[in-house]
Amino acid sequence: MTTRAGHPHAGTRDEGRPTGEGEGGPAAPVVVEGPPGVPFLGNLPAFGKDPLAFFEELRSRGDFVRWRFGGKPSLFIAHPDAVGELLTEVERTFDQPDLGIAFRTLLGDGVIVSKGADWRRKRSLVQPSVRPKQVRSYAATMSECAVALADRWSDGQRVDVKKEMAALTQLVAVRTIFGVDTAADAEVIGRAMDVAQKEIGAEFSGMGAVLPDWVPTPGRARIRRATAVIDAEVSRVVSQHRDGGSDRPDLLSRLLAARDETGTSLSDQEIRDETVTLYIGGHETTSSTLVWAWYLLSRNPRVREALTEELDRVLADHEPGHDDYASLTYTQAVIKETLRLYPTIWLITGLAKEGATLGGMPVPAGTRVWSSQWATHRDPRWYGDAEAFRPERWIDRDGEPAEEIPEYAWFPFGGGPRVCLGTRFALVEAVLVLAVLARRYHLDVTADEILPVPSLTLQPDRDVLATVRARG
Ligand code: HEM
């Protein structure tokens with residue numbers, strides 16, 4: 001992917017573009033004003049009512065848009081170049097904002113919530129456990145869990161796709177991260193994680209987002225109770241692993257074996273924080289991606305046909321495994337296009353520090369800079385027929401991408417130093433699960449239109465009910 005000028009789908013709107021080449025070098029970005037807000041709250045009511053529509057409205061105004069999140073000065077950025085700058089400068093000139101008390105209760109000091117030198121150390125200790133070589137060893141579990149689900153489904157059965165995908169990705173997460181095999185163990189951890197995750201979502205999109213940390217709320221109490229259950233279970237599993245050696249093919253064993261440059265390993269508390277972080281970072285994000293993929297496939301029979309043509313051709317009579325991943329190019333493109341239209345993480349923000357700039361323009365310290373995958377991924381300047389589900393746009397033909405899409409016009413996994421640690425894990429899981437299930441079944445989603453609700457992740461606004469149709 002390359003950044004380029006004169007894109008075939010480029011609109012006529014030039015204001016707010018970050019660096020138009022003018023005489024004597026690049027022009028400074030033009031910052032435009034967002035919609036007028038209300039006293040004290042600024043644009044908070046419009047943002048709270050419908051954040052996705054609000055960001056699209058800002059995008060229609062320009063690439064750099066000033067708005068007010070309550071009393072706080074905010075800058076929305078739409079252009080991929082500016083998004084790239086924000087993502088690559090995080091930790092240097094932009095700070096990750098505090099994710100709040102709910103996250104800290106559950107994730108402790110895990111890599112997602114930590115900063116500075118502490119974050120660097122943790123990231124370097126966690127990273128080896130999610131490298132492609134390791135993901136290859138988790139892939140067998142991913143396929144096995146999907147095959148077990150496919151064996152349970154039958155023609156004509158009615159399923160709740162959200163529930164089915166959540167249960168499947170939960171089993172994959174619990175087995176690959178904690179290495180627990182019994183259904184009962186998986187259920188205890190899974191159930192407590194569900195409670196905590198649901199409450200964090202409610203906190204993130206509700207009053208909890210604006211209440212100070214010290215205010216006790218019933219939701220925060222529920223997160224504490226669920227966290228206590230998780231702590232007890234994880235501590236039991238960690239002791240079992242320590243007793244049984246760390247040569248098992250699971251993430252926890254990789255973390256137990258990890259050493260930093262001084263030869264120090266992660267403490268039990270750190271192991272707990274990182275395993276829970278990996279679970280929370282990876283479970284709902286991947287399961288929602290699969291739900292949106294089924295929804296899009298159900299509405300686009302032509303894409304569904306192209307997908308099954310590839311699955312029949314590449315897999316013939318075997319269940320998909322890691323060795324098939326590279327050959328499943330159309331399946332990969334279906335997931336990529338799903339993440340474009342329904343990016344489960346739909347927002348990344350950064351707090352400007354002293355000396356922060358974007359497109360050469362100084363950004364005052366304390367400004368909160370907002371980028372939104374939702375808004376940039378649907379920008380007609382970067383995507384032909386931007387609202388359409390067209391996996392073909394991602395497929396290389398004769399070594400050339402079908403559409404030339406700028407870097408950071410697609411950033412579902414973020415980018416720069418804090419890019420998602422589970423990118424490879426998530427892509428392999430989503431592709432293998434889709435391949436296993438779509439090889440045998442179509443899912444006909446009942447509802448005509450399902451709208452996205454932006455909570456912690458982008459969720460469908462209702463149950464996604466579907467009829468399972470066995471393929472001939
Ligand atoms: C479709 C699935 C997924 C999506 C859309 C997603 C998206 C993201 C995004 C947007 C970030 C933030 C990047 C930034 O701030 O610049 C992130 C961070 C992270 N993700 Fe994922 N993720 C997914 C799956 C996973 C999985 C499966 C795991 C673990 C196995 C995982 C673990 C993490 C971790 C640990 C971080 C924090 C990295 C850091 O702060 O250094 N994610 N993810």
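Reply: Happy to! Glu199 and Arg222 meet through their side chains in a salt bridge, with 2.6 Å from N to O. Their pairing links distant parts of the chain: Glu199 belongs to helix α8 (residues 183-205) and Arg222 to helix α9 (residues 218-244), 23 residues apart. Do bear in mind that this is a predicted model. Glu199 is buried, at a relative accessible area of 9%, whereas Arg222 counts as partly exposed at 34%.

Arg121 forms a salt bridge with Glu270, and their closest N and O atoms are 2.9 Å apart. Arg121 is partly exposed at 23% relative accessibility, while Glu270 is buried at 17%.

Arg381 bridges to Asp63, the closest N and O atoms being 2.7 Å apart. Arg381 lies in the loop between α14 (373-377) and β12 (396-397), and Asp63 in the loop between α2 (51-61) and β4 (64-69), so this contact ties together parts that are 318 residues apart in sequence. Arg381 is buried, with a relative accessible area of 3%, and Asp63 is buried too, at 0%.

Beyond these pairs, there is a network of salt bridges that links Glu337, Arg340, Arg390, Arg393 and Glu403. For the overall picture, the structure holds 34 salt bridges.

Notes
Residues are numbered from 1 along each chain as its sequence is written. This is a predicted model: local features need pLDDT of at least 70, side-chain atom pairs count only at pLDDT 80 or more; totals for chains, interfaces and linings use all residues. Side-chain values use heavy atoms; hydrogens and water are left out. A salt bridge is a side-chain nitrogen of Lys or Arg within 4 Å of a carboxyl oxygen of Asp or Glu. Helices (H or I, at least four residues) and strands (E, at least two) are DSSP runs, numbered from the N terminus. Buried means under 20% relative accessible area, exposed over 50%, partly exposed in between (1.4 Å probe, protein chains only).
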